[in-house]
Amino acid sequence: MDKLMVAGGRPLRGTIRVSGAKNSALALIPAAILADSPVTLDNLPQVSDVEVYASILEELGARVTRNADVMTIDPSEVRYIPLPNGNVSKIRASYYLMGALLGRFGEATIGLPGGCNFEPRPIDLHVKGFEALGAVVTNENGAMRIKAQELRGAKIYLDVASVGATINIMLAASRAKGSTVIENAAKEPEIIDVATLLNSMGARIKGAGTETIRIEGVETMHGCHHSIIPDRIQVGTYMIAAAATRGDVTIDQIIPKHMEAVTAKLIEMGVDVYEMDESIRIVGNDNYNSIDVKALVYPGFATDLQSPMSILLTQASGVSILTDHVYSSRFRQVPELLRMGARIKLEGRSAVIERSALSPAKVRATDLRAGAALVLAGLIVPEGITEVSGVEFIERGYENLVENLTSLGAEIWREQE
Ligand SMILES: CC(=O)N[C@H]1[C@@H](OP(=O)(O)OP(=O)(O)OC[C@H]2O[C@@H](n3ccc(=O)[nH]c3=O)[C@H](O)[C@@H]2O)O[C@H](CO)[C@@H](O)[C@@H]1O
Ligand SMILES: C=C(OP(=O)(O)O)C(=O)O
């Protein structure tokens, strides 16, 4: 296993671009199963979760070809195979195989998903959706067995606007008989990206990006070409890193509208943010105000940026309160940050953060975004080297993190543990 060595004290300066969105890609790849001819995805992030997903599709019989950020999936030979364990347990988004296989074959057997394990992450709403569409869901030796004689459209109200449940229901309902309506659907940009792909494949989905999504089931779906949206979580992480290191960073080829919650919070702190049509420039300084940040569903501040944001808040004068309304205890970065001298107290679902002088330490990433936060912490330590182990978590979602930060002037390198 590798660890990251991060030498602090250098402001980030320069221009980068980030890859396509991991959380889109991980739904678009299984969506290809619903087609009868090849689907080509470009702007695909080159991250480990995507590699794992490609292997799962190959296990199912798909022909997957890859050239840098372009992947073509030929699903014509895909067959129904139970996947009770193995690769499916390595990633969270393997749950999309349930909706995709159910749509194509009327059945799926999938082991429980893996992914970031910062707190219990139930999938009861996915199950509720499949059952409403006419499937019977049982537990088969720890794996979920989902089977429908016939998938029929239904009206489904989600108790929580879950990204995963919304997408899973869209996948299955695209091939159901009749109309499905999802109420209190998630509105994240990745939902729109998935609906755009499905519609290009012949599905009939309206309202993605709003709280009511309508799906008219179709009998067949076909291949197409789709370009994945930029990864707003990677963009947000670099925006926060630029501010935290008091740097000057431009991120190109992005969708600034997706960044509005981050932009608003950075401006409120006193960071200069310049928004262009397809890029954003962040200019940091030495005087940040403390603020309160609430992680919420989109268009609120993303929970996936809550951990990186905790680092920037240690640089603000006064006391900031960071609350996660999506996941109540997603603060795995905090115990590690305390070892670096951070002044953070956890109170319920909030972190109370005071201005802190951070010092280098050996710290461990135990999930993707907490890991990214620890790298940011290393970057702002005035002197000395922070060692971040658990790099495999960070590589689930950041393409070329070391290369990007190096090109912005950071001193960061890998070493074997
Ligand atoms: C692969 C992927 O896209 N992952 C993202 C996705 O995860 P994921 O789709 O798993 O997250 P959800 O939107 O489903 O979860 C949101 C909230 O709903 C709850 N819930 C969810 C489903 C369910 O059946 N029952 C239930 O109670 C969860 O515990 C959580 O409190 O959205 C999260 C919230 O933006 C992000 O942090 C993840 O990066
Ligand atoms: C939690 C995340 O990913 P996953 O849902 O794939 O575990 C994330 O991207 O921050």
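Which domains does the domain assignment of the protein give? The assignment gives domain 1 (2-18 + 230-416) and domain 2 (22-227). The legends below refer to a predicted model.

**View 1. Domain 1 and domain 2 where they touch.** Domain 1 is built from two stretches of the chain, 2-18 and 230-416, while domain 2 covers 22-227. Taken over C-alpha atoms, the centres of the two domains are 30 Å apart. The contact involves 17 residues of domain 1 and 15 residues of domain 2. On the domain 1 side, eight of these residues are charged, five are nonpolar and four are polar.

**View 2. The surroundings of ligand 2.** Which residues surround ligand 2? They are N23, R92, A93, G115, C116, D304, L368, R369 and G397. By class, this shell holds three nonpolar, three polar and three charged residues. Both domains take part: domain 1 (2-18 + 230-416) and domain 2 (22-227) each supply at least three residues of the shell.

**View 3. Helix α1, residues 22-31.** Is helix α1 largely enclosed by the rest of the structure or largely open? Ten of its ten residues are buried, so helix α1 is largely enclosed. The buried residues are K22, N23, S24, A25, L26, A27, L28, I29, P30 and A31. One of them, N23, also belongs to the residues around ligand 2.

**View 4. Strand β20 and its partners β18 and β22.** Strand β18 (residues 292-295) pairs with β20 in the parallel sense, over four bridges. Strand β22 (residues 350-354) pairs with β20 in the antiparallel sense, over five bridges.

**View 5. The region annotated in UniProt, residues 7-405.** An unreviewed UniProt entry places the feature "domain: Enolpyruvate transferase" at these residues. Over residues 7-405, the chain is 31% helix and 25% strand.

How values were computed: Residues are numbered from 1 along each chain as its sequence is written. Chains are lettered from A and ligands numbered from 1 in the order in which they are written. This is a predicted model: local features need pLDDT of at least 70, side-chain atom pairs count only at pLDDT 80 or more; totals for chains, interfaces and linings use all residues. UniProt positions are given in the numbering used here, feature names are shortened, and annotations may be inferred rather than shown by experiment. Helices (H or I, at least four residues) and strands (E, at least two) are DSSP runs, numbered from the N terminus. A residue is near a molecule or strand if its C-beta atom, placed from the backbone, lies within 6 Å of it. Ala, Val, Leu, Ile, Met, Phe, Trp, Tyr, Cys and Pro count as nonpolar, Asp, Glu, Lys and Arg as charged, and the others, Gly among them, as polar. Domain bounds come from an automatic or database domain assignment. Two strands pair if DSSP finds at least two bridges between them. Two residues are in contact if their C-beta atoms, placed from the backbone, lie within 7 Å. A residue is buried if 20 or more other C-beta atoms lie within 10 Å of its own, exposed if 12 or fewer, and partly exposed in between; C-beta atoms are placed from the backbone.
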